[in-house]
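Please read the points below with the model open beside you.

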Amino acid sequence: MVRHGQFEMNEVVATANANVALAKYWGKRDQALNLPYTGSLSITLAGLTTTARVSFSGRLSADQITLNGQEAVAIEAQRFRAFLSLVRRTAQIDAKAEVAISGNFPVAAGLASSASTFAALALAASHAAGLSLSTRELSLLARRGSGSAARSIDGGYVEWLAGEAADGSDSFAVQVAPADHWPLGVVVAITDESRKRLGSREAMARAAKHSPFFPAWLQSHDADLDEIRQGIRDRDLTRVGQAAEHNCLKMHAVCMAARPSILYWTPATVAVIQRVIELRHAGIDVYFTIDAGPQLKLLCLPQQRGALAEEIGRVPGVRKVLLSAPGCGAQVVEAA
Ligand code: PMV
């Protein structure tokens with residue numbers, strides 16, 4: 001039974017961190033449900049945080065959504081409304097919501113802002129609607145907003161299981177190890193803060209349909225996933241780093257070989273890749289990975305993070321360097 005009417009529900013504020021995929025999600029077997037062809041594994045990133053503030057009210061005639069203080073428009077607003085409607089259906093309410101989302105890092109530029117956004121929103125909105133969901137249920141819900149958001153519900157090292165069920169009920173994320181299992185250093189190199197031209201949804205669809213390398217990507221992915229999972233368990237940076245770099249370069253090769261081609265890199269992206277390779281030749285254990293944008297995330301030992309950030313900050317075209325590490329999962333920070 002749907003609960004109608006003039007009721008007011010409490011405002012809930014939740015936070016979630018971005019994540020960086022070491023074994024990437026690239027390709028959907030179901031577009032509507034965000035079901036992946038393969039599993040993926042990421043590190044939840046401390047300090048790259050999105051905050052979602054949500055309240056439902058029977059007095060609102062439409063959902064009101066702001067992003068960093070500005071009203072969400074068009075496709076963006078539509079995506080949030082669809083997500084809020086999913087929460088409403090689950091909670092059996094029909095009240096509209098007031099939603100304010102803010103992030104402390106560049107949005108839509110390949111820094112997984114959709115992951116932290118939908119993870120924070122899944123937690124805040126479900127709570128505000130009176131639901132009390134388990135970690136698994138939250139991951140299933142966040143996945144519907146953005147696939148990679150399924151992994152930002154939990155902290156530390158997180159694997160999203162591809163699952164097999166047509167309804168997606170077995171496609172959720174689980175923690176492989178908590179953040180303190182292995183305190184890695186992560187350096188984020190921002191080379192371009194503008195919004196990316198091609199969103200991951202369209203890019204994945206094009207790559208899956210129009211890249212001759214896509215079958216090879218699928219066929220070779222699980223081996224990378226196994227290696228990275230085991231490397232994390234063994235705290236083996238060389239193993240994890242090599243497999244993550246390989247997986248990243250394969251994903252970008254799939255994109256580049258699509259027709260029309262998808263190229264996320266800028267000259268600065270390549271300059272950082274080359275600097276990382278040089279540093280490795282000089283004996284520093286550092287590895288890169290790149291999501292659907294021009295930014296890079298580098299993995300290193302925690303004690304080398306500061307020096308690495310300085311080195312990378314000097315590479316021409318690098319605009320900003322952020323320091324991160326394995327961080328916590330989504331949290332309710334305020335509930336009135
Ligand atoms: O969650 P989406 O639809 O924005 O896709 C994210 C895709 C990558 O960031 C490139 C890879 C990943 O696993 O996060």
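A crossing is called left-handed if the near helix is turned anticlockwise from the far one by less than a right angle, and right-handed if clockwise. Helices (H or I, at least four residues) and strands (E, at least two) are DSSP runs numbered from the N terminus.

The model is predicted: local features need pLDDT of at least 70, side-chain atom pairs count only at pLDDT 80 or more, and totals for chains, interfaces and linings use all residues. Residues are numbered from 1 along each chain as its sequence is written, and side-chain values use heavy atoms, with hydrogens and water left out.

1. Helices H2 and H3. The axes of H2 and H3 come within 8 Å and cross at roughly 125 degrees; axes are lines fitted to C-alpha atoms, for helices over the stretch in contact, and angles run from 0 to 180 degrees between N-to-C directions. That angle makes H2 oblique to H3; angles under 35 degrees count as roughly parallel, over 145 as roughly antiparallel, 65 to 115 as roughly perpendicular and the rest as oblique. The crossing is right-handed. On the H2 side, Phe118, Ala119, Ala122, Leu123 and Ser126 meet Leu138, Leu141, Ala142 and Gly145 of H3 (contact means heavy atoms within 4.5 Å). By class, these are seven nonpolar, two polar and no charged residues. Ala, Val, Leu, Ile, Met, Phe, Trp, Tyr, Cys and Pro count as nonpolar, Asp, Glu, Lys and Arg as charged, and the others, Gly among them, as polar.

2. Helices H1 and H3. H1 (residues 74-91) packs on H3 (residues 135-145) at about 150 degrees, with the axes 9 Å apart. H1 is therefore roughly antiparallel to H3. This crossing is right-handed. Arg79, Phe83, Leu86 and Val87 in H1 meet Leu141, Ala142, Arg144 and Gly145 in H3. The contact holds five nonpolar, one polar and two charged residues.

3. Helices H5 and H6. The axes of H5 (residues 214-233) and H6 (residues 237-256) come within 9 Å and cross at roughly 160 degrees, so the two helices are roughly antiparallel to each other. H5 passes H6 in a left-handed crossing. Residues in the contact include Trp217, His221 and Asp224 from H5, and Arg239, Asn247 and Lys250 from H6. The contact residues divide into nine nonpolar, six polar and four charged.

4. Asn104. This residue is in the loop between strand E7 (96-103) and helix H2 (113-128). Leaving aside neighbours within four places in sequence, Asn104 is in contact with Gly47, Leu48 and Thr49. Polar side-chain atoms of Asn104 lie 2.9 Å from the backbone oxygen of Gly47 and 2.9 Å from the backbone nitrogen of Thr49. The C-alpha atoms of Asn104 and Thr49 are separated by 6.0 Å, although the residues are 55 apart along the chain.

5. Backbone exceptions. Most residues other than glycine have a negative phi, and most peptide bonds are trans. Asn34, in the loop between strands E2 (28-30) and E3 (35-36), has a positive phi of about 55 degrees. A cis peptide bond joins Arg259 and Pro260, with omega about -10 degrees; Pro260 is in the loop between H6 and helix H7 (267-281).

Conventions: A polar contact is a pair of N or O atoms within 3.5 Å; within protein, one must be able to donate a hydrogen and the other to accept it, and residues adjacent in sequence count only if both atoms are side-chain atoms.
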